Amino acid sequence: MQRLSKVSGISLLALSAFLLLAPTKTADADVKVNGLFGTVEIISDNLNALPQWKRVIESFEEIAIEAKKCDLKIEDCQSQQMTLWRAKISELRTSGKRNQVQQINRFLNGWRKRTDTENYAVSDYWATPLEFMENGGDSEDFAIMKYISLKELGIPPADMRVVVTNDVLRNNVHSVLSVRIGNGIYILDDLNDSVLNESFAQYYLPLYSVNEQNRWAHIPKTVSVGQASKGTNKND
């Protein structure tokens, strides 16, 4: 994950302004007052400010091809991880959404955790699903793999977001997947096998979030003195 030398009200606003001011297709950005984790959200349909996420989206076709090969003939599965993933997807196809979300979160949380530095010798790299299968990854890579898994199980991309947050409890930048089921928003986290309603994960302060259609900048309505003074010098 990308490091933040200091997360404060000022730095959050600066990041939000950066995302907002990037070119957009629409003349006016949409603003939602009661957004994810209770923040003010600024939405854009232009993903050009997030080239790593665009590269990941482009890779979805590649994993779909490999998955189809594996489904048709197990001997053609690219790896043991691919075989296990396809078996889990097949197992969950007829399950309800809540069970799918819970099972995918728990299943993928057992995969290998490695930092971007260990895998790619860079501080910030968003792995494609196939790269994650081969190398493991850090929090945003887990969130991406959960996103593509639930998408295949029929959950619309519009109901999901990869959310990059400041974890104010652990003092680092951490990514999760948010999923809307009915009127609730639930958080899938590689640090927790339980799927929590967002109201029980308020220690995450969202910086920005993305899906295949949009990106959102998040501005907290209030930033406590403790949060504002706390530095985030660690990656996960």
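Colleague: What makes the lining of the largest cavity nonpolar, polar or charged, residue by residue?
Modeller: The lining divides into 4 nonpolar, 2 polar and 1 charged. Its residues are Ile-187, Asp-189, Asn-192, Ser-194, Leu-196, Ala-201 and Tyr-203. Ala, Val, Leu, Ile, Met, Phe, Trp, Tyr, Cys and Pro count as nonpolar, Asp, Glu, Lys and Arg as charged, and the others, Gly among them, as polar. Asp-189 is therefore charged, while Asn-192 and Ser-194 are polar. This is a predicted model, where local features need pLDDT of at least 70, side-chain atom pairs need 80 or more, and totals for chains, interfaces and linings use all residues. Numbering starts from 1 along each chain as its sequence is written, and side-chain values use heavy atoms, with hydrogens and water left out.

Colleague: Why is that space called a cavity, and what is its volume?
Modeller: On a 1 Å grid over the protein atoms alone, a cavity is a set of points where a 1.4 Å probe fits but cannot get out; a pocket is an open set with protein on both sides within 12 Å along at least five of seven lines; and lining residues have an atom within 4 Å of a point. The count comes to 1 cavity of 30 Å³ or more.

Colleague: What makes E5 and E6 a pair?
Modeller: Two strands pair if DSSP finds at least two bridges between them. E5 and E6 have 3 bridges, in the antiparallel sense, so they pass. In one of these, Ile-187 has Leu-196 as its partner in E6. A hairpin of 2 residues joins the strands.

Colleague: Why is the pair of Trp-53 and Trp-126 given its ring class?
Modeller: Rings of Phe, Tyr and Trp (its six-membered ring) pair if their centres lie within 6.5 Å; planes under 30 degrees apart count as stacked, over 60 as edge-to-face and the rest as tilted. Here the centres are 6.1 Å apart and the planes stand at 65°, so the pair is edge-to-face. Trp-53 lies in helix H2 and Trp-126 in the loop between helix H6 and helix H7, 73 residues apart.

Colleague: What is the ring class of Tyr-120 and Tyr-125?
Modeller: Their centres are 4.2 Å apart and their planes at 40°, so this pair is tilted.

Colleague: Are Trp-53 and Asp-236 buried, exposed or partly exposed, and why?
Modeller: Buried means under 20% relative accessible area, exposed over 50%, partly exposed in between (1.4 Å probe, protein chains only). Trp-53 has 1%, so it is buried. Asp-236 has 22%, so it is partly exposed. Asp-236 sits in the segment after helix H9 (225-229).

Colleague: What makes Arg-86 count as lying over the face of Trp-85?
Modeller: The rule asks for NZ of Lys or CZ of Arg within 6 Å of the ring centre and within 35 degrees of the ring normal. Arg-86 is at 4.7 Å from the ring centre of Trp-85 and lies over its face. Lys-113 lies over the face of Phe-142, at 4.8 Å.

How values were computed
Points joined across faces, edges and corners; volume = space filled by probe spheres on them. Helix = DSSP H or I, 4+ residues; strand = E, 2+ residues; numbered from the N terminus.
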